[in-house]
Each structure stands twice: as structure tokens, then as C-alpha cells.
Amino acid sequence: MKLKGPATLLTALALLSPATLGAQSAPAKAPNIVILLADDWGFSDVGAFGGEIATPNVDVLAAKGVRFSNFHVAGSCSPTRAMLQTGVINHRAGLGNMPETIPPEHLGKPGYEAHLNNRVVTIADQLRAGGYRTYLTGKWHLGHTPDTLPTARGYDHALALAQSGADNFEDKPNLLIYDKTEWSDDGKPAKLPKRFYSSTLIIDRMIGYIDGGRASGKPFLASVNFIANHIPVQARDADIAAYAGRYNAGWTALRKERRAAAIAKGVMPADVAMVTMGTSGDWSKLSAQQKRQRAGAMAAYAAMGTAMDREIGRLVTHLKAIGEYENTIFVFLSDNGAEATDPMNMGAFARWNANLLYDQSIAQQGRPGSLTAQGGGFASASASPLRGYKFTANEGGLRVPMIIAWPGNQAIKGGTITSGFAHVTDMPLTLLKLAGVAPQQGSFSGRRVEPMIGADLTPMLTGAASSVHSADKPLGYELSGNAVLFKGDYKLVKNLPPYGDGRWRLYNITADPGETNDLSGSDPQRFADMQSNYAAFAKANNVLPMPDGYTAPRQIFANALRTLLIPRLIALWPVGGLLLMATAAVIWWRRRRRRAV
């Protein structure tokens, strides 16, 4: 159904409204909303976007809804989550940088609180005020104190992880970064089962919340936040076995395969060009053991994705069983691109620490007790055909798969693809309007708050418009010194080391989503104008310059060293001192014995 013009747009909006649900039984009610947020998935990981990973349940949502092939988020998790929750740019929401990557001199400055600040309100705040039940399960990563956890930010109930990731089989943190996990249950320390699987646990709890509030008759917001596929990449043996040998051809072959599949699926232009990223390496030059290790890690990554998809299917099946499926809006997206960081490639100390704390054998990777990562080579395949990955400001870090489906609403034509630019700050405004709840416009509950900046994506859902963003209106972004200015079809971008050289470049990301042709020299006026636009954005949003020599990976290590490793060494000092004294005594005794002989 292709709708154009004001009259047909009004018709489409009426069909999308809660009062006129088309296929729904009377009396119509406001739609439920399910947000399915994947962690660190690349653009072409989903089957409907060109991936070979089995994601049949997400693919069904794609077939029933609209795929956004030009949808952008932040380059890492909590800034995206802040914008998804609030519709406010991350620098105004308090996540100018993440707790793990923020330099100490920035911490606490305006916009750099490293948690969701009190100047913003969440979509949960607004939906609850509009008569919704509000639930969250899984990764939060927007604060860890009682006043910054989900139940203090609009959610009725929440089982939430305050950190960037955790073990998927037991209540154990990533020991290279954290000393303990911070799972909370309705704002209090959570008691998790002795053994579980994270994606299953997250869906189990959400189903429990939904069923527990059914008697109220109210619609619900279900914010489902998986930690798949964040490091540590882990999956059950049967899921890993399903991908045995699948990745033996290596990442370069997979990147080419994914490019062709993304074109065939219609989410990339037929002539899309792509670069070979410097971090990919030459698969043919790896040893047989290295190939086995890397292919096995990717098999575990794919298995973790399939396991997450299976749990999405279980939630969908449950909603069908209780009669809520048709009247539920489903949103699927990733919080950023694929993760290229690998603890086993971060230097001798990181490798030693990982081997000390985990079983890092090839046979164990992806299984309980391991710290497995996809690595830079296969991350480039997950991003295919884009350049870059998580943390970078390139398209592979910022452009992610996104799907909106409302199965019972006839205004949304199943299987549609829209290639117009869209941004994560658009989501709260869009969902509030579809729910029939008036979005806040700078005030909420009698206090002034940051107004939402997003656009309403409804015309793109109905086909009434190919884009809702003006070609003349710039949209800025910055994280850890990596910066972007979007304007129409164009993107100004700069990446600091180790992801780039700190130089600005200009791309037409509609014609060249792979960012292969820098236009800064051939279009100098646009290049200069967009640099001025970015400078204005940075000034208006208090973007701080990064300290000399800053890199995100180095800062992660420095912050972990300061808050975790040094306290561990201090705690171990009495034991270490005794061992040192004992060693010295043994050496003294042996020397004395030799002299006596």
C-alpha cells in the first residue's frame, strides 16, 4: 500500500492510531509495545538483512513489518540506550561517555554524569503516566544506584543489569572489567538462579511480568534488553555444534557473501562498494590452529544469536496464546555495530589475565567458563558491507538492523524496506504517538526537562514518506572523540586512534554506505559548511575535547586498573608478602646449604 499526499497520510495515521486498529476486535485499545534490543549485532547479522545466522523469528517480524536500512544509533551501548529511552541526544541525557570509557577529568561534568541524569524523562515515565504497565528485563547500563535504576525511571518492575555485560551461564561478571555483577530486581540486589542462560532468563522474567499484570486490563511496555552478543560470547553446546565448520573459509569470504546477500535482500544498493578494513588481517596467513580458534569463536557468536532469536520466538508465541500478538508493536534493533575488541589480542597482560581467570582453550570457547570474543576479522563480516564497527563513528559502528512490526495493523505493509535516514532518537516520539500518548515537549509532571529531538517515523511506516528528516537540518553526534554530522544524504565523520587518524572526511552515505569515496576534496563548500554545523552542535551540547593521547581501549584498561586491578593487588598484598618472604627464605637456605657443602 503506497500512500502519498496529505489526505492519504491522514488516512494512514488514522489506521495507525489506537482508536482504529483495522484488524482488531472492538473495542479497540492502545497497543502493547515490545522493544527487542540486541547487544553488539552488526548490520548484516540478521537473516532479513543478509546474514547466514539462523534468525527465523526476527525474520518473521521483518516479513510482517518495515525494515529500516538506514537507521543509526551510537557507537556503543549506554549512549544508544539513553537516546532510546529518552529521545534526547546522549550528551544531554548524561551519557556523553560510558562509565567504562570516560576519562576521569570528564566525569561529573554536565552531560558526562555517566548515568541517565534527572534532566530527562524516559518513554516508560510517559507511557506509565498515559495508563501503561511498564517492564524492563536485561541490560540497563544507565546507572547502578537506587535513584538511577529502572524502577526509579518509570518502570513498574525490572530485572536489570547495570553493567555493560556479564556471564551468560552464572552470576559472574566479566572479570577483566568488574569485580562482581550488578543485577537488580526491582531496585534491590537480585538473587539469580545458580545456573541459567541469559536470553532465557530475560524472556522468562518478562513473560512473568506481562502475565502478572494482565488483570489490570492495561496495555504494556516490555523493554527486553538482551546481553547477546556482548563479550563474553557464550552459547549452549547444541547451538554451537549447529555452526561447526560454517566459518572455515574465513572472514574475507564471509564479508563478500554478506555483501551479496544484503543486496539480494534489498537493504543495500546493488552497486555498494566496500573496503577491506585494516584490522581484518589475511586469513590465508593464519596457522591451522589460529583458523580453528577464530572460526570456532564465530560459530559461538552465531549460536548465541540463534539462541536469542529462539527466545524472541518464545515471547511471540506466548503473546499469541494470550491474545495480545496482533495488537503489539514490535521493535527490533541493535545498540551498536559488531564488537571487534578481543581480550586475546589486547596485549600480553590482558592475555595473561584472561588465561588466569578463564578457560581459554579452543575446545572450550563459547562454553561456560570461557571469555570468547568475535574479534576484528569476523566483526568486519558482521558489519558487511559497511566500514567500521563498535566504538567507531563509521557506518559499521552506527548503522544497525531495525524493524518495526505491528501484525494487526493493516496500514503497515509487511516486508517493506525503507532506505530513508532514521535515528534512535526518533523511536520514543514515534512509539508514544502510536500509543496515543502525548509526548512531553519540555515539561513533565510540573518540572522542566530536556525536550525530545526525534522525528515521527509513522509516515515511513505507511509508505507516505521516504524520509522524515529534512535534508537541511543537521544532526550531530560524538562519543570518545569520534564524531559525526549527518545532513541529508551526507555524513561528516572523524575517528580518533586506534580507529582513525583524527581527520574529518565526507561521504554520501546514500550512494556510498560503505564509505569508500571521501568527498572532502571534491566538495569543499559542503565539507566546510558541515564542519561549521558540527562545531555549533558541539558548543550547544557541551561536547568536551578528549585528553591528549586518549583512546577508548586504553581508557577501558586504565579505568579497570584504577577501580579493579589495583584494589585486587592491594587485597592480595598480605598473601603476596608472605609468598615473597617464603621464597626469599628458600633461596637463602639453598645458598647457605651450597656453601656448607
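**Around R258**

Modeller: This is a predicted model. Leaving out residues up to four places away in sequence, R258 touches S44, D45, G50, G51, E52, I53, M298, A381, S382 and S384.

Biologist: Which helix does R258 lie in?
Modeller: R258 is part of helix α8, residues 251–265.

Biologist: And is R258 buried or exposed?
Modeller: Buried: its relative accessible area is 0%, and the cut-off for buried is under 20%.

Biologist: Let's look at α9 and α11. At what angle do their axes cross?
Modeller: Roughly 45 degrees, with the axes of α9 (residues 288–321) and α11 (residues 375–382) coming within 10 Å. The two helices are therefore oblique to each other, and their crossing is right-handed.

Biologist: Which residues make the contact?
Modeller: From α9 they are R294, A295, M298 and Y301, and from α11 they are G375, F378 and S382. That set divides into four nonpolar, two polar and one charged. M298 and S382 are also among the residues that R258 touches.

Biologist: Nice. Switching topic, how many residues of strand β15 are buried?
Modeller: Five of its five, so to speak a mostly covered strand, spanning residues 475–479. L475, Y477 and L479 point one way, while G476 and E478 point the other way.

Biologist: Which strand does β15 pair with, and in what sense?
Modeller: With β16, residues 482–487, in the antiparallel sense over five bridges. Y477 has V484 as its bridge partner in β16.

Biologist: What about the hairpin between them?
Modeller: There are two residues between the strands, and S480 takes a positive phi near 55 degrees.

Methods. Residues are numbered from 1 along each chain as its sequence is written. This is a predicted model: local features need pLDDT of at least 70, side-chain atom pairs count only at pLDDT 80 or more; totals for chains, interfaces and linings use all residues. Side-chain values use heavy atoms; hydrogens and water are left out. Axes are lines fitted to C-alpha atoms, for helices over the stretch in contact, and angles run from 0 to 180 degrees between N-to-C directions. Helices (H or I, at least four residues) and strands (E, at least two) are DSSP runs, numbered from the N terminus. Angles under 35 degrees count as roughly parallel, over 145 as roughly antiparallel, 65 to 115 as roughly perpendicular and the rest as oblique. A crossing is left-handed if the near helix is turned anticlockwise from the far one by less than a right angle, and right-handed if clockwise. Contact means heavy atoms within 4.5 Å. Ala, Val, Leu, Ile, Met, Phe, Trp, Tyr, Cys and Pro count as nonpolar, Asp, Glu, Lys and Arg as charged, and the others, Gly among them, as polar. Buried means under 20% relative accessible area, exposed over 50%, partly exposed in between (1.4 Å probe, protein chains only). Two strands pair if DSSP finds at least two bridges between them.
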